[in-house]
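Please keep the sequence and the model in view while reading.

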Amino acid sequence: MKHIAIGQAGGPTAVINATLAAFVREINKEHSLTFIMNGFEGLAKKKFLKADDNVIENLLAHEKVPGAALGAGRYTLSEEEIIQSVRTLRDLKIDTLVFIGGNGTMEALDKIKDEAHRQRYQLQLIGLPKTVDNDLPGTDHSPGFGSAARYVAQAARDMGRDLLAMNNFENVRIIETMGRNAGWLAAASGFLKEFEHDGPHFIALPEEPLRPEVLFHHIKKAIRDYGIALIVVSEGVCWEKGSQVERDRVNGHSVLGGISKEIEHKVSEKMNVMVRAELLGMNQRSCSHSVSATDYTEAIQVGSVGASLLREGVTDVMVSLQRSEGVSYETLFTPVSLKTVVQSGERKLPSRFLNDQGAFNEWLRPLIGNDFTPYPPPLQRR
C-alpha cells in the first residue's frame, strides 16, 4: 500500500474537481490518501488533511462542482521551501505526490523531482493537467478549456445580439477574455458567429501586437456596415506601448487585465461613439451550466489515467491528451515527461489558426460541443 498526497493548484476550472474525484475513486480503496490544502502553499506550510470516509464522501460529492475542493491558488515555492517540502514528504512517509494544475504546477513538480533525487528520496510524481487558457504544452488541450471556451462563445454571441438591439444608443463594445499570453479563449469567441451582423467583428490575440490604427479601422468598418462593432480582446494582448496591461502583482505573479478599459478610453477619445468595456470575469472558468460534455468526460479520464500510471509505477510525468488521426474525434491519454513540459514553454495559438477562424472552429468543435440552438438572422431594421 502506498501513501499518496494530492493537491490542486493554480486557477480552478469548472471540471477540476471531476479529475480529483475520478483519481480518488480509483485509488482510495487500495492506498492511503492525504490531501494537500490550498495548493503548494499548503505543501510548504504543512496544511494536510488525512482522508477518512467523511472526507472522501464530501470530496466525491464535489465532482460536478466548480472551484477547487481542496483549495488551489497561486503560490511559488522558494528553493528553501522545495527542500523542506521534500523533507516533509519523507517524514510523512509519502511515496507519491500528485498535483492537478497548469504550467506553474508542472514546473514546481519538476523542481520537487530534482530535489527528491538530490536527497535520494524515491518519490513518484504525477501531474494531471488543467487550464482554461489552454497554454499547457505537451498536450493537445487541457481539461477546463473546453468549458471555458463554450462560455466565451455563448457570451460573445449573446452580447452581440444585445449590442445590435442598442445600436441607437451604444455602438462599440469591447469584451475582454482570459488567456494570459495565448489566444485560445479569445479565438473561441468567434465559434458561433453565423451572420455578418453578428459579432465579434474583430478578435485581438496575444500572438499578434495590436496597433491602435488597425483596431480603429475595424471599428469604423463594422459601424459603417452594421451600425455596431463588437470587439473581443484577450487580456494578454500587447497594446499601445508594446506591453501588456497589468492589473496587479500578487506574490510575484503578474495579474493581467484591464486592456478593454484602456481601449474603451482610447476609442471614446478618438471616435464620436458610445463605447463600453466588458470583462467576462471569473464566470469563464467557473460557470457550471456551460460545462461541455467532452470536457467533463475527459477530466474524469485524466484522473483515471493518473491512477493507472500510479499503479504501474510511472513517475515524473504529466498525463497528456492527444487526438487520434482518425476521421472521428478520439482522445489518446499518454504520459509526457515533466521536463519536456517545462522546457517547451507556453503553448500559443499556432499560426494556422491565427487568420483562419474556420480551421480553428473545426479543431475546437469536439471540445466545445455542437449542441447549440442556432439563432435566426438579425432583422434588417431601417
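Does Asp316 count as buried or exposed, judged by its relative accessibility? Asp316 counts as buried, because its relative accessibility is 17%, where buried means under 20% relative accessible area, exposed means over 50%, and partly exposed lies in between, with a 1.4 Å probe and protein chains only. This is a predicted model, in which local features need pLDDT of at least 70 and side-chain atom pairs count only at pLDDT 80 or more, whereas totals for chains, interfaces and linings use all residues. Residues are numbered from 1 along each chain as its sequence is written, and side-chain values use heavy atoms, with hydrogens and water left out.

**Overall form**

- The chain has 14 helices and 13 strands, these being DSSP runs numbered from the N terminus, with helices of type H or I and at least four residues, and strands of type E and at least two.
- The radius of gyration of the chain is 22 Å, which agrees with the value near 21 Å that a compact globule of 382 residues would have; the radius is taken over C-alpha atoms, and the globule rule is 2.2 Å times the number of residues to the power 0.38.
- Taken along the principal axes, the C-alpha atoms of the chain fill a box of roughly 75 × 40 × 40 Å.
- Of the 382 residues in the chain, 54% are buried, and the accessible surface comes to about 17000 Å², with 48% of it belonging to carbon and sulfur atoms; these areas come from the Shrake-Rupley method with a 1.4 Å probe, and for residues only the protein chains shown count as cover.
- Among the contacts in the chain with a separation of 6 or more, 76% are between residues 24 or more positions apart, where contact means heavy atoms within 4.5 Å.

**Helix packing**

- Helix α1 (residues 16-27) and helix α11 (residues 293-312) have axes that come within 7 Å and cross at roughly 35°; axes are lines fitted to C-alpha atoms, for helices over the stretch in contact, and angles run from 0 to 180 degrees between N-to-C directions.
- α1 passes α11 in a right-handed crossing, a term for a near helix turned clockwise from the far one by less than a right angle, the anticlockwise case being left-handed.
- On the α1 side this contact is made by Ala18, Thr19, Ala22, Phe23, Glu26 and Ile27, and on the α11 side the residues include Tyr296, Ala299, Ile300, Gly303 and Arg311.
- The contact of α1 with α11 comprises 10 nonpolar, 4 polar and 2 charged residues, with Ala, Val, Leu, Ile, Met, Phe, Trp, Tyr, Cys and Pro counted as nonpolar, Asp, Glu, Lys and Arg as charged, and the others, Gly among them, as polar.
- Helix α4 (residues 79-91) packs against helix α5 (residues 103-118) at an angle of about 65°, with the axes 9 Å apart, and α4 also passes α5 in a right-handed crossing.
- Ile82, Ile83 and Val86 of α4 meet Lys111, Ile112, Glu115, Ala116 and Arg118 of α5, so that by class the contact of α4 with α5 has 5 nonpolar, no polar and 3 charged residues.

**Backbone details**

- Asp316, placed in the loop between α11 and β12 (317-323), has a positive phi of about 60° although it is not a glycine.
- Arg120, found in the loop between α5 and β5 (124-129), has a phi near 60°, a positive value in a residue other than glycine, and it is exposed, with a relative accessible area of 79%.
- The peptide bond from Gly199 to Pro200 is cis, with omega near 0°, and Pro200 lies in the loop between α7 (184-187) and β7 (202-204).

The neighbours listed here leave out residues up to four places away in sequence.

- Arg161 lies in helix α6 (residues 145-165) and touches Phe195, Asp198, Tyr375, Pro376, Pro377 and Pro378, while its C-alpha atom is 8.1 Å from that of Gly199, 38 residues away in sequence.
- Phe169, in the loop between α6 and β6 (172-177), is partly exposed at 49% relative accessible area and touches Met274 and Arg276.
- Gln357 is found in helix α14 (residues 357-368), is partly exposed at 28% relative accessible area, and touches Ala187, Gly190, Phe191 and Ile203.
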